[in-house]
Structures are given as structure tokens and as C-alpha cells.
Amino acid sequence: MVDRAPAHPVSAREGFTLLEMMVVLTIIVTIVSIAVPFYSSAIVRARESVLRSNLLTIRSVIDQYTYDKETPPQSLADLVDEGYLREIPIDPITNSRETWELINETGPTGESGLFDVRSGSDKTSLAGTPYNEW
């Protein structure tokens, strides 16, 4: 029998050189540095969307409560107690249920109560308006 030579010569190198590794790492770092800002702004846009939805829901429920009871609610807890909300929504910007800014006014019946709600955040949106002015 004839011994055949291995398919790869014994002197064949295995693995990567330092230069090849550095090139690959540079490409990965470049891609990540481009992707991170897009990811960060996508997270902020999602939180802003949730805030808009929560504000719309709370404002609608305040109006429904006021119409049904003929008196405005005194707090967000009243809306939960009467079954208009399952729970007080979380402000996605402050990540808390306790930071909602409640706006009380005197209604058409002369009773004072909860009229509106805003985010308790002092941050500014991507559009440049403060969240607590939405």
C-alpha cells in the first residue's frame, strides 16, 4: 500500500492572524456604533407612544366618569375604585404610577375635581416639547 500525503500540508496554518482579528473587530464595532443610536431612539419613540395612549385613555375615562356621576373624580384612585380602570397606568417616561401630574378644576356643576392629567416628567420629547405639556 502506498501512503498518501495528507490533504493539507503539515505546514498549513490554522486559526486567524492578529491582523484578521483586528479587521473583524473593527467592522463589528462600526456596525454596533451605527445601530445603538437607532435602538435608543426607537425605545424613546415607543415610550412616547405608550405615554400618548395612556394619556388618551385616562382623559377619556375622566370624561366618562364625570358624565356618569355628574361630578368629576377626586383622584385617579376613584377611577380604579369605580371600575373605570383596572389599575392606574404607569407613566412610561418616569416609570412610575405615582408621578402623574393631576390638574384639578371646577366643573360645570361647580364641584372641584380631577379635570386632566399629564406626565410628571421634566424631560423633553424627541419633538422638542416637554412631556409634562402633553
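# Briefing on a predicted protein model

Arg97 and Glu87 form a salt bridge in which the closest N and O atoms are 3.0 Å apart. Both residues lie in the loop between α2 and β1, so the pair ties together parts that are ten residues apart in sequence. A salt bridge here is a side-chain nitrogen of Lys or Arg within 4 Å of a carboxyl oxygen of Asp or Glu. The model is predicted: local features need pLDDT of at least 70, side-chain atom pairs count only at pLDDT 80 or more, and totals for chains, interfaces and linings use all residues. Residues are numbered from 1 along each chain as its sequence is written, and side-chain values use heavy atoms, with hydrogens and water left out.

**Overall build**

- The protein chain holds two helices and two strands, and from the N terminus on its elements run α-α-β-β.
- Helices (H or I, at least four residues) and strands (E, at least two) are DSSP runs, numbered from the N terminus.
- Of the 134 residues of the protein chain, 22% count as buried.
- Buried means under 20% relative accessible area, exposed means over 50%, and partly exposed lies in between (1.4 Å probe, protein chains only).

**Salt bridges**

- The whole structure contains three salt bridges.
- In the pair already described, Arg97 is partly exposed at 34% relative accessible area, and Glu87 is partly exposed at 49%.
- A salt bridge also joins the side chains of Asp116 and Arg59 (2.6 Å, N to O). Asp116 belongs to strand β2 and Arg59 to helix α1, so this pair ties together parts that are 57 residues apart in sequence.
- Asp116 counts as buried because its relative accessibility is 14%, whereas Arg59 is partly exposed, with a relative accessible area of 26%.
- Glu82 and Lys69 meet through their side chains in a salt bridge (3.0 Å, N to O). This pair links distant parts of the chain, with Glu82 in the loop between α2 and β1 and Lys69 in helix α1, 13 residues apart.
- Glu82 is partly exposed at 43% relative accessibility, and Lys69 is partly exposed at 37%.

**Aromatic rings**

- The structure holds two aromatic pairs. One of them is formed by Tyr65 and Tyr84, an edge-to-face arrangement with 5.3 Å centre to centre and 65 degrees between the planes.
- Tyr65 lies in helix α1 and Tyr84 in the loop between α2 (76-81) and β1 (101-106), so the pair ties together parts that are 19 residues apart in sequence.
- Tyr65 is buried, with a relative accessible area of 9%.
- Tyr131 and Trp134 have ring centres 5.2 Å apart and planes at 70 degrees, so this pair is edge-to-face.
- Rings of Phe, Tyr and Trp (its six-membered ring) pair if their centres lie within 6.5 Å; planes under 30 degrees apart count as stacked, over 60 as edge-to-face and the rest as tilted.
- Tyr131 counts as buried at 4% relative accessibility, and Trp134 is buried at 17%.
- Arg52 lies over the face of Trp134, at 4.2 Å from the ring centre. A charge sits over a ring if NZ of Lys or CZ of Arg is within 6 Å of the ring centre and within 35 degrees of the ring normal.

**A nonpolar surface patch**

- Leu18, Met22, Val24, Leu25, Ile28, Val32 and Val36 make a nonpolar surface patch of about 650 Å².
- Patches are made of residues with over 30% relative accessible area and no salt bridge; like charges are joined within 9 Å and nonpolar side chains (Val, Leu, Ile, Met, Phe, Trp, Tyr) within 5 Å. Accessible areas come from the Shrake-Rupley method with a 1.4 Å probe; for residues, only the protein chains shown count as cover.
- Leu25 lies in helix α1 (residues 18-69) and is partly exposed, with a relative accessible area of 47%.

**Local backbone and side-chain details**

- Glu70, in the loop between α1 and α2, has a phi near 60 degrees, a positive value in a residue other than glycine. Glu70 counts as exposed at 60% relative accessibility.
- Asn95, found in the loop between α2 and β1, has a positive phi near 60 degrees and is likewise a residue other than glycine. Asn95 counts as exposed at 60% relative accessibility.
- Ser121 is placed in the segment after β2 (112-118) and counts as buried, its relative accessibility being 3%.
- A polar atom of the Ser121 side chain lies 3.0 Å from the backbone nitrogen of Lys123.

Definitions and conventions: Polar contact = N/O pair within 3.5 Å; in protein donor to acceptor, adjacent residues only side chain to side chain.
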